[in-house]
Each structure stands twice: as C-alpha cells, then as structure tokens.
Amino acid sequence: MAENSSGDLDKIPQEIQISVPMKALRTLNAKSKSRILADGEPNDQRLKRYPADEAGIRRQYYEDRYLYHLNDEEIEERIANIIANSIHISSSGVYSANNRYGFYWQKRLIHTLEEACLRGKCPEASSIMLKHMPDLNFFSPSSEIVSPDLSANSANLYRYDKIKYLKNLRKEGKIYLRCASTVDSSSDSARNDNNEILIEIRLPADSLNFSGRQNEVTITDDTDTINLKIYQKSDYYMFCLSQIYDWRLFGNFTGDSVANDEDEQIGCLVITDVNEFVRRVYDAANSAFAGRRYETGHSFSIVASSVKYYDPFFADECSELLSYGSNLSLFKRFEYSYQREFRFVIRPNMPDAFYPQYPHDQFPQFEREFIEIGNIEDISFILTPGVKLKTSANYLMKQDITLLASALGTSFPEGTERVYFCYSVERREVGRTHRQNLMLKRQIGHGAQVHQQMISIPIVDGKNDALNFIRQFYRIFDVREHGNHLIGFRIQRIPDINGIEFDYMLTLPSHQPSDKDMEIKELSFEFSYEYLDDGDSLHRLIKSITLRGATYYSGSPGDNRRFLTPSRGMLHGAEMAFLDYLSEMKVRNLKSYICSCPEINRRCSEFNMPEMNNAQNNG
C-alpha cells in the first residue's frame with residue numbers, strides 16, 4: 001500500500017474555514033482507485049467466498065475508502081469498539097445482537113474488516129480488544145426489575161455509580177464535579193476519555209472543503225490525509241449521567257467496586273423529574289460560581305445537553321465539530337455511544353471569536369470540587385444490583401470476539417477456514433426499541449419467517465467435526481437472533497467435509513404467546529440419540545436434561561384441552577446443554593436425536609444426519 005502524505009492542521013490561521021460537503025464524495029478518482037485495487041481479480045475472487053449480504057457491503061466500501069489512512073493499531077481498536085457497541089445484554093442476562101441499531105454497526109464493522117483485508121493485515125482476534133464490553137459476571141438488578149416503574153412516555157436521567165455515592169447524592173445533594181483535564185482514578189474504561197481537552201480527527205483530504213487564506217497552509221495534490229487537532233479554549237467542569245436504563249452499564253462502570261460490600265457495588269440513581277433536577281443543578285452552579293472569573297476575565301456559564309457522538313474517521317459525522325460556534329465539550333467519540341450521555345458543563349463564557357493568549361495546550365487546569373443541590377429524594381430512587389447475572393453455562397458467556405463477530409454477520413478473523421450455516425428463522429422480537437429503557441423489547445404476535453440467512457463459523461484449533469460446528473452455531477444463533485425462533489438449518493459449505501446434509505425439524509406449535517403470558521417452570525427434556533463410535537458401531541442412548549424456563553399452555557383448533565408447552569427459547573437451551581454433554585463425552589459422529597418432554601408427552605424437535613458416517617471418515 002502506497003504511503004500517504006499528510007497535512008497537520010493544528011496551527012492553521014483562524015481565517016481558514018474547513019467544512020465537510022453536504023454530500024460526502026463518493027465518486028472515485030484515478031488515485032483512489034489505485035489505493036483500492038492494485039490487482040482487482042484476487043479481491044474479486046475473495047469477495048465471492050463471503051455470504052451475499054456481507055460481500056455486498058464489502059463492495060460498497062470501494063465507493064469511498066474512507067479508512068485508508070488509519071494505521072494497523074487503529075484498525076484493530078476500531079473493530080473492537082464497533083463490536084462492543086453492537087452487542088448488548090438482554091433481560092435474559094446474555095449477549096445479544098438483535099436490536100434496531102444493528103445494521104449501522106454491522107456496516108461500519110464490515111467496512112473496517114475490508115480495509116484490513118485490502119492491506120493483507122487482518123488483526124488477530126483477541127478478547128482483550130473488547131475493553132468497552134463487560135463480562136457477564138457483574139451484579140445487576142434481578143430479572144423482575146426490567147422495567148423499574150419507568151413510564152413509556154417519561155423522560156428520566158440515570159446515574160451509574162457506587163451505591164454509597166448515590167445515597168450521598170440523593171440525601172445530601174452533593175455533586176462531585178469532574179474536570180476535563182483530569183483522568184479518572186477508576187480502572188474501568190467507561191470513565192476515561194482522552195479526547196475531552198483535545199479532539200483529534202484524521203480525515204481523507206478529498207472529503208474536506210477549504211476556504212479562506214489557503215496560502216497560509218500547504219495542501220498539495222499529494223496530501224492524502226488531514227490531521228486535525230481541535231483544542232478546547234479552557235478546562236471545564238462536568239457532571240455526567242445517562243439517558244438510558246441499561247443493564248450493561250452496571251458492568252461497564254464496575255471499575256474498582258467490591259462485590260461483597262453492598263455500598264461498594266454499582267447501582268443506578270433514577271432521576272424522575274428531569275426539569276426540576278436541571279433547575280436545582282443550575283441554581284447550585286450559578287450560586288457556587290457567582291462572581292468567579294477565569295484568568296481571561298470571563299465569568300462562568302452552565303449548559304445541560306445530550307452528548308453528540310461522532311466517528312473520528314468518517315467525515316460526514318465530523319461536520320458539526322468543524323462548525324463555527326460548536327460547543328466541543330458536548331462531543332464524544334463513537335466508541336462511547338453505548339452510554340447515551342447527558343452532561344452538565346460549567347466553563348468560562350468565552351465568545352466564539354475570542355482566542356486566549358496562552359498556548360492552546362498549556363491553559364490553567366481546574367481542581368475537582370463539589371456543588372450542593374440539596375436533598376433530591378422527592379425526585380429520585382435508587383436501583384440496587386442485588387444479584388449476579390445467572391445464565392446457563394451453555395450460552396456464550398465469555399467475550400469470544402470471533403463468535404461475536406460471526407453473530408454480527410461478519411467473517412473475522414480473515415484467512416480462517418469457515419463453515420457456513422444457512423438457516424430459517426421466525427422473527428418474533430427486536431431488542432432495544434424503547435427510547436430510554438433499553439431492557440425492554442418489542443415482541444410480535446405472529447412473526448415473519450425469514451429464510452436463507454447465513455452464519456459463518458470459524459474452524460478453531462483444527463476441530464473439523466460437524467458436532468462442534470453445530471454447537472457453535474447454536475451459540476451464535478442465540479446471540480444474533482436472540483428471542484427469535486429457529487425453524488431449520490443446514491451446513492452449506494464445509495472445507496474438507498463434503499456431502500454432509502442433515503435435517504432439523506421443530507415440532508412445537510407455531511404460535512407462541514408473548515413473555516408476559518409465560519410461566520417459569522422446571523421441565524425435563526429426553527434426548528433419544530444415535531451415534532457411531534470410531535469402529536463404526538451404532539449406539540442408541542437416552543440423555544435427560546432438566547432446566548427452568550418459560551412455558552405456556554397450548555391446544556389445537558376445536559379441542560378445548562390445553563397442554564403445558566416449553567417455549568422455543570427453553571428448548572434451544574436444552575439442545576445446547578445436550579450438545580455440550582456429547583462434547584464432554586467425546587461423541588463426534590452423531591447420527592440423529594429426538595427431543596421430547598415426557599412429563600407432558602410432547603415431541604419437541606428432531607435432528608438427522610444420515611451421511612455422517614461416510615462424511616466423517618472422509619474428513
């Protein structure tokens with residue numbers, strides 16, 4: 001890849017105006033084409049190996065290769081940040097990619113992966129990349145507190161912090177202001193943003209417009225990249241909350257909390273009257289800063305607003321940062337967008353046209369301090385975590401970045417041999433549809449059936465056997481389609497294992513009620529299965545799996561009888577537990593199984609792999 005020259009614009013004259021065109025450039029010139037495809041045929045052949053949807057998004061990236069100027073470390077960090085924002089934690093306490101924001105993040109992730117492929121340097125998958133994504137081992141509210149008295153039309157604010165601090169804030173009204181120039185001592189990455197004082201963005205030169213005294217700065221035809229350093233005029237105070245109720249934030253802000261001390265655990269302060277809360281903060285700030293002057297002679301002012309998030313390498317999203325008069329203290333990079341922050345900012349009230357005489361990187365720094373707004377027990381309550389997330393060990397519990405990337409419809413890491421599953425699903429719910437309570441989901445009474453969906457499974461550690469692939473498929477399906485119902489699936493392509501075909505049939509009723517009409521019960525599932533040992537001898541065995549899950553009563557048209565029925569999610573959990581048992585028993589050549597519920601005399605699902613014997617011997 002050719003080296004890019006760059007222009008550093010941290011000291012350009014104020015008369016120069018930089019802006020992003022209303023419609024970012026999408027037509028490629030000769031130079032940018034050469035950046036993309038030095039040799040078109042190999043890339044074209046490579047793209048044919050991806051599922052159609054993924055290949056299409058990768059091809060779209062060729063229209064505007066907006067990430068060509070990133071270094072390899074930035075590419076790796078970007079992949080991790082996108083995955084961490086794509087995945088949420090559902091009310092079932094598991095990772096889920098089924099939400100209404102999925103396509104935005106999927107597209108950005110695939111573009112980033114394609115940029116890495118064009119360089120021939122795809123990053124290796126490492127779970128330590130996911131610093132913004134909590135493990136499923138933190139304390140959260142109990143499952144009953146999915147909707148903690150939050151009206152669908154209410155506008156609340158939420159503060160996630162140690163319970164001892166929340167109690168003090170609620171009773172005494174003491175707000176500890178943070179300074180933009182100081183680094184938080186907490187060990188969690190959610191609190192420490194290095195871009196509060198200095199905003200750095202690097203954009204392709206052909207995505208920007210320049211006007212003014214351009215003779216003061218050298219921008220030649222060879223300038224590919226513009227490095228922009230946007231300094232704040234002064235330090236500032238801030239107090240940050242969230243606009244959303246989201247279980248993952250209990251994990252994101254865990255930091256140095258102590259698990260066995262309730263006051264040290266992370267809780268959530270819910271502000272129920274936002275207008276009154278804002279009024280009290282304004283009154284306290286105006287009182288505390290009355291008469292105070294900054295070194296430049298300016299008084300202090302306060303502003304309260306939602307934070308705006310931007311992609312620092314995508315020109316369209318950086319346009320407002322370059323707008324004259326923008327309040328830069330209300331912008332954050334897009335890796336923090338999962339926080340949906342609302343912040344109060346107290347800073348010197350400098351006019352837009354005023355520029356301090358001190359160097360932009362040497363302004364006076366503030367010390368953290370308190371303001372007091374008084375008791376707020378009348379407009380707030382505290383949610384305590386109570387319990388650790390408890391999830392069946394059969395689900396994807398750890399930060400496996402490779403499987404999470406697969407759940408987002410992408411192939412990562414590049415160059416790994418993969419298995420492709422084609423499946424059919426009934427879409428019954430979408431997560432994170434409420435504007436504030438992201439633990440709520442929208443359920444559909446009669447879901448639409450969608451066919452020819454694809455999931456790719458990486459072949460890891462040489463485990464080239466179909467049973468392992470199916471186990472991984474079940475895990476990835478649960479993340480990608482969480483709350484939706486698997487109808488059937490097949491292996492479409494497996495390297496070195498040719499001709500495997502199998503059938504999966506769901507025999508539960510097609511209609512399933514919503515969660516509110518379910519009952520949590522314990523049921524036993526009986527798996528009658530057949531497998532071939534290494535000597536090709538056929539074995540027929542039975543394994544029982546017992547678990548608690550959602551159930552309901554169903555019947556047939558014209559029949560008044562009602563029968564207890566496991567939900568499809570409960571069945572899915574039982575099947576994952578059964579496949580894990582087979583793996584522990586080192587069963588590889590599974591031929592078939594029938595899953596039934598003897599307590600209610602109902603068959604639930606069937607699985608057949610008639611060609612397993614020959615295929616595995618050949619593999």
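Me: What does the side chain of R119 reach, and at what distance?
Reply: This is a predicted model. In it, the R119 side chain comes to 2.5 Å from the backbone oxygen of L70.

Me: Which side chain does R119 make a polar contact with?
Reply: That of E115, at 2.8 Å.

Me: Where is R119 placed?
Reply: In helix α5, which covers residues 102-119.

Me: Is R119 buried or exposed?
Reply: Buried. Its relative accessible area is 17%, and the cut-off for buried is under 20%.

Me: Next, H69. Where is that one?
Reply: H69 sits in the loop that runs between α3 (52-61) and α4 (72-86).

Me: Buried or exposed, for H69?
Reply: H69 is buried, at 8% relative accessible area.

Me: And what does the H69 side chain reach?
Reply: The backbone oxygen of R202, at 2.7 Å.

Me: Which residue in β10 stands opposite L203?
Reply: I226.

Me: How many residues of β10 are buried?
Reply: Seven of the nine. The strand spans residues 223-231 and is mostly covered.

Me: What about C240 and C318, buried or exposed?
Reply: C240 is at 19% relative accessibility, so it counts as buried. C318 is at 0%, so it is buried as well.

Me: Now the packing. Which residues touch the most other members of the largest nonpolar core?
Reply: I83, F473, Y474, F489, F525 and Y593. That core has 101 residues.

Me: Which helix gives the most to it?
Reply: Helix α11, residues 466-480, with nine residues. There is also a second, separate core of 39 residues. Among its members are V278, L330, V345 and F363.

Me: Why would nonpolar side chains group like that?
Reply: In soluble globular proteins, they tend to be buried together.

Me: Zoom out. How many helices and strands?
Reply: The chain has 13 helices and 28 strands.

Me: What share of the residues is buried?
Reply: 55% of the 619 residues.

Me: And what share of the contacts joins residues at least 24 apart?
Reply: 80%, among contacts between residues at least 6 apart in sequence.

Me: What does the accessible surface come to?
Reply: About 28,200 Å² for the chain. Carbon and sulfur atoms account for 45% of that.

Me: Backbone now. Which non-glycine residue has a positive phi of about 45°?
Reply: R340. It lies in the loop between β15 (331-333) and β16 (341-348). At 24% relative accessibility, R340 counts as partly exposed.

Me: And which one has a positive phi of about 60°?
Reply: K586, also not a glycine. Most residues other than glycine have a negative phi.

Me: Where does K586 lie?
Reply: In the loop between α12 and β27 (589-597). K586 is exposed, with a relative accessible area of 72%.

Me: Anything on A577, buried or exposed?
Reply: A577 counts as buried, at 14% relative accessibility. It lies in helix α12, residues 568-584.

Me: How far apart are the C-alpha atoms of A577 and T546?
Reply: They are separated by 9.4 Å, with the residues 31 apart along the chain.

Methods. Residues are numbered from 1 along each chain as its sequence is written. This is a predicted model: local features need pLDDT of at least 70, side-chain atom pairs count only at pLDDT 80 or more; totals for chains, interfaces and linings use all residues. Side-chain values use heavy atoms; hydrogens and water are left out. Buried means under 20% relative accessible area, exposed over 50%, partly exposed in between (1.4 Å probe, protein chains only). Helices (H or I, at least four residues) and strands (E, at least two) are DSSP runs, numbered from the N terminus. Two strands pair if DSSP finds at least two bridges between them. A polar contact is a pair of N or O atoms within 3.5 Å; within protein, one must be able to donate a hydrogen and the other to accept it, and residues adjacent in sequence count only if both atoms are side-chain atoms. A nonpolar core is a set of buried Ala, Val, Leu, Ile, Met, Phe, Trp, Tyr and Cys residues joined through side-chain atoms within 4.5 Å. Contact means heavy atoms within 4.5 Å. Accessible areas come from the Shrake-Rupley method with a 1.4 Å probe; for residues, only the protein chains shown count as cover.
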